Amino acid sequence: QVQLVESGGGLVQAGGSLRLTCAASGRTFSSYAMGWFRQAPGKEREFVAAISWSGGSTAYADSVKGRFIISRDNAKNTVYLRMNSLKPEDTAVYYCAGSRYLGTVGAGLRAPDFGSWGQGTQVTVSS
């Protein structure tokens, strides 16, 4: 399995932008579908976005569609989440996740679909 480390979280005002980075270790990263999830206090972990192993397919939750962009650089073992037009309701701990078994990605993905997880990075959006 790959080891995942997130970075790039922080405090931002509503309407601002952040870019999260997930760095992966391991030579098999390019065969993993990757995703971002988030968890707010008192809520379940929810799907945010996912990208196929090749980068050719992406999926987004309705709540972030049009505002967030997921991308990956297999040469750098890295996946990104660009977050624009941030809202206070985007406040959560954001987790990077990987799956070596997903051949495609869709908005119906759930946390159990992923076997590798990072430790999370806090994103706080002030109003």
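This report describes the fold and the aromatic contacts of a predicted protein model.

## Basis of the values

The model is predicted, and local features need pLDDT of at least 70, side-chain atom pairs count only at pLDDT 80 or more, while totals for chains, interfaces and linings use all residues. Residues are numbered from 1 along each chain as its sequence is written, and side-chain values use heavy atoms, with hydrogens and water left out.

## Overall fold

The protein has zero helices and 11 strands, where helices (H or I, at least four residues) and strands (E, at least two) are DSSP runs numbered from the N terminus. The radius of gyration, taken over C-alpha atoms, is 13 Å, close to the 14 Å that the globule rule gives for 127 residues, so the protein is as compact as a globular protein of that length; the rule itself is 2.2 Å times the number of residues to the power 0.38. Along the principal axes, the C-alpha atoms fill a box of roughly 40 × 25 × 25 Å.

Of the 127 residues, 45% are buried, a class that means under 20% relative accessible area, with exposed over 50% and partly exposed in between (1.4 Å probe, protein chains only). Among contacts (heavy atoms within 4.5 Å) between residues at least 6 apart in sequence, 61% join residues at least 24 apart.

## Aromatic pairs

The structure holds five aromatic pairs, counted for rings of Phe, Tyr and Trp (its six-membered ring) whose centres lie within 6.5 Å, with planes under 30 degrees apart taken as stacked, over 60 as edge-to-face and the rest as tilted. One of them joins Phe37 and Phe114, whose ring centres are 5.3 Å apart and whose planes stand at 75 degrees, so the pair is edge-to-face. Because Phe37 lies in strand S4 (residues 33–39) and Phe114 in the loop between strand S9 (92–99) and strand S10 (116–117), this pair ties together parts that are 77 residues apart in sequence. Phe37 is buried, with a relative accessible area of 1%, and Phe114 also counts as buried, at 5%.

Phe114 forms an edge-to-face pair with Trp117 too, at 6.4 Å centre to centre and 70 degrees between the planes. Trp117 is partly exposed, with a relative accessible area of 26%. Ring pairs link Phe37, Phe47, Tyr95, Phe114 and Trp117 into a cluster.

## Charges over rings

Arg45 lies over the face of Trp117, at 4.9 Å from the ring centre; the criterion is NZ of Lys or CZ of Arg within 6 Å of the ring centre and within 35 degrees of the ring normal. The charged end of Arg72 sits over the ring of Phe29, 4.6 Å from its centre.
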